[in-house]
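Hi,

Here is the structure I promised you. Please open it first, then read my notes below.

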Number of protein chains: 4
Amino acid sequence: MTTAPAPLSGVVPPLLTPLTAEGELDLPSLERLVAHLLDGGVDGIFALGSSGEVAFWDDARREAVLEAVTGIVAGQVPVIAGVIDMQTDRVLQHVRAAERFDLAGYVATAPFYAITGPEEIDAHFRAIAAATDRPLWAYDLPVCVHTKLSAAQLLRLGSDGVIAGVKDSSGDDVGFRRLAAGNRAAGSPLTLLTGHEVVVDGAYLAGADGSVPGLGNVDPAGYARMHRAAQAGDWEQVRTEQDRLAALFEIVFQPTGKVGPAAGVGAFKTALRELGVVSTNTMATPMSPIEGEAVQRIRGILQSTGLLESARA
Amino acid sequence: MTTAPAPLSGVVPPLLTPLTAEGELDLPSLERLVAHLLDGGVDGIFALGSSGEVAFWDDARREAVLEAVTGIVAGQVPVIAGVIDMQTDRVLQHVRAAERFDLAGYVATAPFYAITGPEEIDAHFRAIAAATDRPLWAYDLPVCVHTKLSAAQLLRLGSDGVIAGVKDSSGDDVGFRRLAAGNRAAGSPLTLLTGHEVVVDGAYLAGADGSVPGLGNVDPAGYARMHRAAQAGDWEQVRTEQDRLAALFEIVFQPTGKVGPAAGVGAFKTALRELGVVSTNTMATPMSPIEGEAVQRIRGILQSTGLLESARA
Amino acid sequence: MTTAPAPLSGVVPPLLTPLTAEGELDLPSLERLVAHLLDGGVDGIFALGSSGEVAFWDDARREAVLEAVTGIVAGQVPVIAGVIDMQTDRVLQHVRAAERFDLAGYVATAPFYAITGPEEIDAHFRAIAAATDRPLWAYDLPVCVHTKLSAAQLLRLGSDGVIAGVKDSSGDDVGFRRLAAGNRAAGSPLTLLTGHEVVVDGAYLAGADGSVPGLGNVDPAGYARMHRAAQAGDWEQVRTEQDRLAALFEIVFQPTGKVGPAAGVGAFKTALRELGVVSTNTMATPMSPIEGEAVQRIRGILQSTGLLESARA
Amino acid sequence: MTTAPAPLSGVVPPLLTPLTAEGELDLPSLERLVAHLLDGGVDGIFALGSSGEVAFWDDARREAVLEAVTGIVAGQVPVIAGVIDMQTDRVLQHVRAAERFDLAGYVATAPFYAITGPEEIDAHFRAIAAATDRPLWAYDLPVCVHTKLSAAQLLRLGSDGVIAGVKDSSGDDVGFRRLAAGNRAAGSPLTLLTGHEVVVDGAYLAGADGSVPGLGNVDPAGYARMHRAAQAGDWEQVRTEQDRLAALFEIVFQPTGKVGPAAGVGAFKTALRELGVVSTNTMATPMSPIEGEAVQRIRGILQSTGLLESARA
């Protein structure tokens, strides 16, 4: 148990889970990756998110990740943890398993696989919140969950104290604007973080309090600089950083014949291996790592965006 | 471990999971439900499918269901078990936990939540098959999994001996016809069961070997009569049974404000409670049971389709 | 103006529109194609449907097609005409332009492009019906229209005398079963035709009155035999014909790099050219015709399904 | 014929089409609406777009709109015209009918209704461009067209001189960022306008050259101020204007039971009637106008965003 932390905002990358070539948790790489993020100036770390390949882990692996991450971070920044699963009871199991770690909150999606409606989604979030004193974040990720959380439902859950914030990866910038406006009108019960790493600048204008950028594993310092510029109202600097980060994001389009995390998380892992941060670009079963010419194209993008020289200088 | 059973065909209802009012597994109701199915003449039972609310159970509940069902069935008909989870490693855990039970095979979907492509889906099914000597069934359920398994991929997995059959709940009758034709051309490596309870007659014409009808929990005898009529080539009888069963299926459209299993499985449970087979229509958290006028409308349909009189006579 | 004809049922192929190499209407080919259909024993002809490439024609071409088709058919079987356009006013223009031809009815979709809801769809069909004494058919084609017509709305329009029938190309066999059951319960105000040429057998069992098979351009005699077998209750014969026609339908999957009518209608035109019925496989702008190895594969399927020998014997 | 105009950028509202209560073109209202836009400082006018209800008009109405609009505007700002139709030949007809008017370009979508692929879409835009000397804009509107134009295809068409710009209403802000970056890398062959009126600020940061805001009919001055602020790099002012316009946009969510243009365009027309700019809020057949309490809610939003007082002061 921990005292309820202050609301988390700023740059909170969804931490990758480095693996050895045999698919085991690679603790030395994880230490280097966390150091890379902390050196970059991130405001928090989100463990066991989609970018952390949470969907692929069994319970033991999830627990091992949380143990390692909280141990390495050691309170330097807040750590929040995904408790992603199909339906309420399994999510509650993940919460119970995580309560012994030093965590600043949990991140849960709406139920998935079995179809549910607003009534069940509401009951789902309320059941999770009732099981812990820690803040709960709603994760809006229709590309995986296949349900779009409505602004009205999120604002009601926020006003009722059920959720403390939203990680928006909905791809619906119009909806995000309406959520941000509704949140302000309601006295800002919710902290709003965007998960779309190439349009964080527009999200800041719309009212985002920060970002959860998968690409922030690769270039945490870039996202931190963009956040500070946004805080300072230096929008030309915000845009300059965002444009460079958008150019860097092209790494995820280099693999051919891959979709989903095999392409996106795979590109992040490959980039971090080329940068010397992690040891392999091994992915969770049943995904295979990126190989061949795509690796060279990723290196080229790292160089053209100024990351590889600085790492190898 | 069990010796590899003969291919399963005919009527294989996806067994509901009866609950007490407190949400616990209701063993007496389960015994009555299994007896209801066996009395109806089903050819097998599919435990831990979508209709069994598998998505809502933790591992202990899954194991308890398998222990109870295999104990009650006691070899009278084959039992196959769903090993449904997000990704490969968790599915393998479910397989390992189930190996001690008397099961005639496993049923797995493609990976879900995290997006995967054909390469990962192929590796997924091959990894599961490699972990057991029992037959593996592919469950094609895009409404939950959000991936449609292609006929080409299924036929290749069948010809390679990876999967023994397909439970098709894709809603794509054109695709099912192509799958059935391709299967015949390949020497019928696959047993094909349809999950769409109101068009089983057309599926038989197309080449289905049987059905996995959720509604078969309510009226197993109807599906068994339809199957025998199809085997005998008595298509007028097939159609007559199917039309009556389609009229019975209207129970799932009676709840208002409910979607997914809260409506469909909820209607099946409500009907079985009205028929005296199970004790409650309690659903898994976070779903609420069907109440009010919808229950009366469901009773009306049970009466108009001839089920309620026979039960209460 | 014509007196209201008897309801149309049976086999009503959506007539292709043969073109010269220059893209002009090819009247000699059209005459041969109509003769091919009449010789095959069709019960009616549907001109200006999707298979007739109606979406690609300007008003003059539409009128030329109707003039030619009604002239060639000359009352031997009923001809119905598609009046497909984005919204009501343009559909009404197509109706007015068609009133001078000998037509047994019109076929209209819900509005498309601009999004409309049930209220507008209802007003749309009522406005069309009010503009003509001829029967109106609702064309349920979500793959093009992106709206699924609900069974409840279709039955209400039928009971109100607004529409005389439905051409169902929705791909929703469960929904079609419910529509057929509802139609019988309402006294059969609607004639129901299926547009899915590879599962017509199942549609007959569900309650279809006939079919609108694009593939019926290629093998009208096969669909006519299947219809007569269904009428006679000879379901083994129904299935045998359907299986052969499903094997023939594989021609639409032979083109590579083509989608939509460029693949499907293109394959029908290519097959008919190889059968000597039409002179070219030219498609409407901006589509290119099927060429190369796909033509050889289509020929192979025509031979394996017994069509090419009989044509060239 | 006109000489090729300079590229159009800035605020280019998609002009509504005011109707009389009988559904006829309301010329006095159109004159007042155009004056409202010009007084507001717009940089151009887009006639016959989705907000202009183009999908509902027959050819005569389309021509009447262009005649009226170009006559009223009389060269004060450039006018571009939608040539929206299902497939190439009809689009070419619309181009030919429009050539006699003083227009600065045409706006076309990809083909719709009949499914087409990249090959046909490419041929479609090239055929339109070949038919006129005026600039051609690609209109990316998947919610109506059901095809997303890829950045790669748009950039190739731009580099080849086929299209001069893109009106992006795709709702894909990540894709828009990639398009903008690719455009800069290619030497900016394309002018990029966003159609999403509540996130124009983010689009400016991403690289938009302007906007095509339907809401700009209601508050053209607000969009003009935002554009000037963006040009000046005054991002706080940009955000302030955008937040107020986003609050105003809530008018489109006030109607109950309406979808698509019946809600959105209907709300714009209702607001303009309340502001005294147009005489009715009549919609094209088969849509009904907004009535009842929704009108009062729209008035309330006009007041809270400062528009109604200024109009009635």
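Let me start with A:Lys167, which sits in strand E6 (residues 165–168) of chain A. Bear in mind throughout that this is a predicted model.

**The annotated active site**

A:Lys167 is buried, because its relative accessibility is 6% and the cut-off for buried is under 20%. Beyond four places in sequence, its contacts are A:Phe46, A:Trp137, A:Ala138, A:Tyr139, A:Asp140, A:Leu193, A:Gly195 and A:Val212.

Two of those partners carry annotations of their own. UniProt, in an unreviewed entry, gives "active site" for A:Tyr139 and A:Lys167. These two are spread over 29 residues of sequence, yet they cluster in space, with a largest C-alpha distance of 4.8 Å. Please treat the label with care, as such annotations may be inferred rather than shown by experiment.

A:Tyr139 belongs to strand E5 (residues 136–140) of chain A. Its relative accessible area is 3%, so A:Tyr139 is buried. What does A:Tyr139 contact, leaving aside neighbours within four places in sequence? Within chain A, the partners are A:Phe46, A:Ser50, A:Ile84, A:Val107, A:Ala108, A:Thr109, A:Ala110, A:Leu149, A:Lys167 and A:Ser169. From chain B comes B:Tyr113.

A:Val212 is in the loop between strand E8 (210–211) and helix H9 (220–232) of chain A. Buried or exposed? A:Val212 is buried, with a relative accessible area of 4%. Not counting residues up to four places away, A:Val212 touches A:Val12, A:Pro13, A:Pro14, A:Phe46, A:Lys167, A:Leu193, A:Thr194 and A:Gly195.

**Another buried lysine**

A:Lys269 is in helix H11 (residues 260–274) of chain A. A:Lys269 has a relative accessible area of 2%, so it is buried. Its contacts beyond four places in sequence include A:Leu16, A:Thr17, A:Pro18, A:Leu19 and A:Glu53. Also among them are A:Val278, A:Thr280, A:Asn281, A:Thr282 and A:Met283.

**Helix H3 and its surroundings**

In chain A, helix H3 covers residues 88–98. Its buried residues are A:Thr88, A:Arg90, A:Val91, A:Leu92, A:His94, A:Val95 and A:Ala98. What do they pack against? In chain A, the partners are helix H2 (59–73), strand E4 (105–108) and helix H4 (118–130). In chain B, they are helix H2 (59–73) and H3.

I looked at the H3 and H4 pair in chain B. The axes of helix H3 (residues 88–98) and helix H4 (residues 118–130) of chain B come within 10 Å and cross at roughly 20°. Angles under 35 degrees count as roughly parallel, so H3(B) and H4(B) are roughly parallel to each other. Their crossing is right-handed. On the H3(B) side, the contact is made by B:Thr88, B:Val91, B:Leu92 and B:Val95. They meet B:His124, B:Ala127 and B:Ile128 of H4(B). By class, this contact has 5 nonpolar residues, 2 polar and no charged ones.

**Between the chains**

Which chains are not joined by a contact? Chains A and C are one such pair, with their closest C-alpha atoms 17 Å apart. Chains B and D are another, and their closest C-alpha atoms also lie 17 Å apart.

**Backbone points to check**

- The peptide bond from B:Thr285 to B:Pro286 is cis, with omega near 10°. B:Pro286 is in the loop between helix H11 (260–274) and helix H12 (293–304) of chain B.
- In chain C, a cis peptide bond joins C:Thr285 and C:Pro286, with omega about 10°. C:Pro286 is in the loop between helix H11 (260–274) and helix H12 (293–304) of chain C.
- B:Ala74 has a positive phi, near 50°, and is not a glycine. B:Ala74 is in the loop between H2 and strand E3 (79–82) of chain B. At 54% relative accessibility, B:Ala74 is exposed.
- B:Ser188 also has a positive phi, near 55°. B:Ser188 is in the loop between helix H7 (173–185) and strand E7 (191–194) of chain B. At 42% relative accessibility, B:Ser188 is partly exposed.

Best wishes

Definitions and conventions:
Residues are numbered from 1 along each chain as its sequence is written. Chains are lettered from A and ligands numbered from 1 in the order in which they are written. This is a predicted model: local features need pLDDT of at least 70, side-chain atom pairs count only at pLDDT 80 or more; totals for chains, interfaces and linings use all residues. Side-chain values use heavy atoms; hydrogens and water are left out. Helices (H or I, at least four residues) and strands (E, at least two) are DSSP runs, numbered from the N terminus. Buried means under 20% relative accessible area, exposed over 50%, partly exposed in between (1.4 Å probe, protein chains only). Contact means heavy atoms within 4.5 Å. Axes are lines fitted to C-alpha atoms, for helices over the stretch in contact, and angles run from 0 to 180 degrees between N-to-C directions. Angles under 35 degrees count as roughly parallel, over 145 as roughly antiparallel, 65 to 115 as roughly perpendicular and the rest as oblique. A crossing is left-handed if the near helix is turned anticlockwise from the far one by less than a right angle, and right-handed if clockwise. Ala, Val, Leu, Ile, Met, Phe, Trp, Tyr, Cys and Pro count as nonpolar, Asp, Glu, Lys and Arg as charged, and the others, Gly among them, as polar.
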